[in-house]
Amino acid sequence: MSNKPIIISICSEKGGVGKTTTTINLAGGLAKRGKEVLVVDLDQQQNASHALGYIKDGRPTSAELIYNTVAGIPIDYAEAIRTCGNGVDYIPSSPMLTNITGTIANDTENDSNFVLRRLICNEVFAGYDYILLDCRTILDLLISNALNASNYVIIPVDLGIYAYNGLDKMLDKVASINNTTNRDLRVLGVLLNKIQRTTVNTSLAESIRSEYDELTFRTALPYCPAQTEAAVLNQTSCVFDERSSLGKAFMEFTDEVLSVTEK
């Protein structure tokens with residue numbers, strides 16, 4: 001592996017697709033495989049932060065890191081890093097991210113597309129094997145920053161009747177970034193989520209695999225609401241029970257991610 005961390009954005013223009021669940025369980029899976037992992041929450045709703053056990057403590061969040069980076073104000077990056085019980089480190093978000101794009105756009109001395117990239121280049125983050133960016137659904141300047149800082153993007157897709165909503169927009173966004181400001185960005189994969197044994201579900205899965213064959217992960221995540229609820233309530237472990245059907249699927253997904261990123 002490179003001595004630089006592999007940075008992956010988990011991103012979707014559509015809400016409710018399992019984006020945050022994917023982020024924290026991929027992080028847990030990578031940690032189980034012996035990797036040093038950092039999750040950065042870039043969603044003002046703070047779902048990943050709370051799932052990883054965050055309690056407001058007065059220390060810097062991702063919002064402060066961004067604000068200070070733009071303003072050129074020194075900040076202790078290490079102080080922003082918390083540790084989860086399963087070996088995953090994380091930087092929580094805050095509601096301050098709601099209006100962060102105006103601040104990023106005002107970075108007149110540097111290119112506003114690369115605030116996050118400059119931030120993550122700090123030596124504090126050099127020891128991680130993987131940095132996962134949990135992105136919000138609005139495809140704004142903050143998300144452009146995440147994609148410009150990333151090597152890969154994972155796009156979760158909820159196999160409901162509106163499965164295609166947002167997928168093409170997300171792929172277009174990645175293509176635009178790849179063609180302009182980050183030529184190293186690649187789609188790591190489209191992740192089929194909440195698989196059920198219904199005619200509609202099966203048809204949608206086959207349709208997406210047919211249209212996006214090379215971009216779709218072989219692993220698909222089953223719809224297991226009881227397991228999901230149990231994992232959310234059990235915040236100390238941060239990840240699904242590896243013995244459950246969903247936990248097994250996430251470990252298979254993790255191994256698939258490793259097989260691509262560590263070639």
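**Figure 1. A salt bridge joins Arg-218 and Glu-256**. In this predicted model, the closest N and O atoms of the two side chains are 3.8 Å apart. Arg-218 sits in the loop between helix 8 (199–211) and helix 9 (225–233), while Glu-256 belongs to helix 10 (residues 245–261), so the pair ties together parts that are 38 residues apart in sequence. Are the two partners buried or exposed? Arg-218 counts as exposed, because its relative accessibility is 66%. Glu-256, at 7% relative accessibility, counts as buried.

**Figure 2. Asp-134 meets Lys-19 in a salt bridge**. Here the N to O distance is 3.3 Å. Asp-134 comes from strand 5 (residues 130–135) and Lys-19 from helix 1 (residues 19–32), so this contact ties together parts that are 115 residues apart in sequence. Asp-134 is buried, with a relative accessible area of 0%, and Lys-19 is buried too, with 7%.

**Figure 3. Asp-140 and Arg-136 form another salt bridge**. Their side chains meet at 2.5 Å, N to O. Both Asp-140 and Arg-136 are buried. How many salt bridges does the model have? The count comes to 10. As background for these views, side chains of opposite charge can pair when their charged atoms come close.

**Figure 4. The largest cavity holds about 60 Å³ of space**. It is one of three cavities of 30 Å³ or more. Strand 2 (37–42), helix 3 (62–71) and helix 5 each give two or more residues to the lining of this cavity. Which of these elements gives the most? Helix 5 does, with three residues. To find your way around the lining, look for Leu-38, Val-40, Ser-62, Leu-65, Ile-91, Leu-116, Leu-119, Ile-120 and Phe-125. Eight of the lining residues are nonpolar, one is polar and none is charged.

**Figure 5. The second largest cavity has a volume of about 40 Å³**. It is lined by 13 residues, and those closest to its centre are Ser-12, Pro-156, Val-157, Asn-165 and Leu-167. Strand 6 and helix 7 are the elements that give two or more residues to this lining, and strand 6 gives the most, with four. The lining of the second largest cavity divides into seven nonpolar, three polar and three charged residues.

**Figure 6. The second largest pocket contains about 440 Å³ of space**. Of its 19 lining residues, Lys-4, Pro-5, Ile-7, Cys-121 and Ala-149 are the closest to the centre. Strand 1 (6–10), helix 5 (115–120) and helix 6 (141–149) each supply at least two residues of the lining. How does this lining divide by residue kind? There are eight nonpolar, seven polar and four charged residues.

**Figure 7. Ile-161, Tyr-162 and Val-200 make a nonpolar surface patch**. This patch covers about 350 Å². Where is Ile-161 found? Ile-161 lies in the loop between strand 6 (152–158) and helix 7 (167–180). With 64% relative accessibility, Ile-161 counts as exposed, because the cut-off for that word is over 50%.

Key: Residues are numbered from 1 along each chain as its sequence is written. This is a predicted model: local features need pLDDT of at least 70, side-chain atom pairs count only at pLDDT 80 or more; totals for chains, interfaces and linings use all residues. Side-chain values use heavy atoms; hydrogens and water are left out. On a 1 Å grid over the protein atoms alone, a cavity is a set of points where a 1.4 Å probe fits but cannot get out, and a pocket is an open set with protein on both sides within 12 Å along at least five of seven lines; lining residues have an atom within 4 Å of a point. Grid points are joined across faces, edges and corners, and a volume is the space filled by probe spheres set on the points. Ala, Val, Leu, Ile, Met, Phe, Trp, Tyr, Cys and Pro count as nonpolar, Asp, Glu, Lys and Arg as charged, and the others, Gly among them, as polar. Patches are made of residues with over 30% relative accessible area and no salt bridge: like charges are joined within 9 Å, nonpolar side chains (Val, Leu, Ile, Met, Phe, Trp, Tyr) within 5 Å. Accessible areas come from the Shrake-Rupley method with a 1.4 Å probe; for residues, only the protein chains shown count as cover. A salt bridge is a side-chain nitrogen of Lys or Arg within 4 Å of a carboxyl oxygen of Asp or Glu. Buried means under 20% relative accessible area, exposed over 50%, partly exposed in between (1.4 Å probe, protein chains only).
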